[in-house]
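Please look over the sequence and the structure first.

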Amino acid sequence: MEEFRPLHGNEVRMYACGPTVYDYGHIGNFRTFVAVDLLHRFLRQSGYDVRYVMNITDVDDKIIRNAARDGLSVQQYTAPYDQAFQEDSDLLNLRRPESRPQHRLHRRMAKFVADLERTGYAYRAEDGSY
């Protein structure tokens, strides 16, 4: 064991995987988020300046498939589940992260996938996933 020391002065950078918003959260999902919240609170109470980031996965094969099945865009499909996650987190009194980056497709990601396909390292499946 060794004593915890931040890499940069008093600043602690904390990253946590957030939900994949294809369905409503359940107690198993929130067990992780409660544990992360406890660590975040402990570090702040211990006097550290905490930079807390939690990603939201709002695009993956299951989301794309379910959105297509329901005739919705990915954003339309994921929005209610993302909102429900925020509401449930608030009900549990979980501290919100300073940043919530999302994984939505954007030009650089689309170009990256196209380049993988062009070079033969990826292919498009019948369901539209790569």
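Which element gives the largest share of the lining of the largest cavity? H3 does, with 3 residues.

## Basis of the model

This is a predicted model: local features need pLDDT of at least 70, side-chain atom pairs count only at pLDDT 80 or more, and totals for chains, interfaces and linings use all residues. Residues are numbered from 1 along each chain as its sequence is written, and side-chain values use heavy atoms, without hydrogens and water.

The mean pLDDT (the predictor's confidence in each residue, from 0 to 100) of the protein is 89. A score of at least 70 is reached by 95% of the residues. Confidence is highest in H1, with a mean of 96, and lowest in helix H4 (residues 107–118), with a mean of 80. Where pLDDT is low, the predicted coordinates should not be read in detail.

## Fold and dimensions

The protein has 4 helices and 2 strands. These are DSSP runs, numbered from the N terminus: helices are H or I with at least four residues, strands E with at least two. The order from the N terminus is β-α-β-α-α-α.

The radius of gyration, taken over C-alpha atoms, is 18 Å, while a compact globule of 130 residues would have one near 14 Å. The globule rule is 2.2 Å times the number of residues to the power 0.38. The C-alpha trace spans about 50 × 35 × 25 Å along its principal axes. Of the 130 residues, 31% are buried. Buried means under 20% relative accessible area, exposed over 50%, and partly exposed in between (1.4 Å probe, protein chains only).

Gly47 sits in the loop between helix H1 (27–45) and strand S2 (49–57). Its relative accessible area is 40%, so Gly47 is partly exposed.

## Cavity and pocket

The whole structure holds 1 cavity of 30 Å³ or more. On a 1 Å grid over the protein atoms alone, a cavity is a set of points where a 1.4 Å probe fits but cannot get out; a pocket is an open set with protein on both sides within 12 Å along at least five of seven lines; lining residues have an atom within 4 Å of a point. Grid points are joined across faces, edges and corners, and a volume is the space filled by probe spheres set on the points.

The largest cavity holds about 90 Å³. Its lining includes Phe33, Asp37, Tyr52, Phe85 and Arg100. H1, S2 and H3 each give two or more residues to this lining. By type, the lining has 6 nonpolar, 2 polar and 4 charged residues. Here Ala, Val, Leu, Ile, Met, Phe, Trp, Tyr, Cys and Pro count as nonpolar, Asp, Glu, Lys and Arg as charged, and the others, Gly among them, as polar.

The second largest pocket has about 230 Å³ of space. It is lined by 18 residues; closest to its centre are Pro19, Thr20, Asp23, Gly25 and Asn29. S1, H1 and H3 each supply at least two lining residues. The lining of this pocket divides into 10 nonpolar, 6 polar and 2 charged.

## Aromatic contacts

Rings of Phe, Tyr and Trp (its six-membered ring) pair if their centres lie within 6.5 Å; planes under 30 degrees apart are stacked, over 60 edge-to-face, and the rest tilted. The count is 6 aromatic pairs. Tyr24 and Tyr81 pair edge-to-face, at 4.9 Å centre to centre and 75° between the planes. Tyr24 is in the loop between strand S1 (11–20) and H1, and Tyr81 is in helix H3 (residues 74–91), 57 residues apart. Tyr81 counts as buried because its relative accessibility is 16%. Tyr24, Tyr77 and Tyr81 form one aromatic cluster.

Phe30 and Phe33 also pair edge-to-face, at 5.5 Å and 80°. Both are buried. They are 3 residues apart in helix H1, so about one helical turn separates them.
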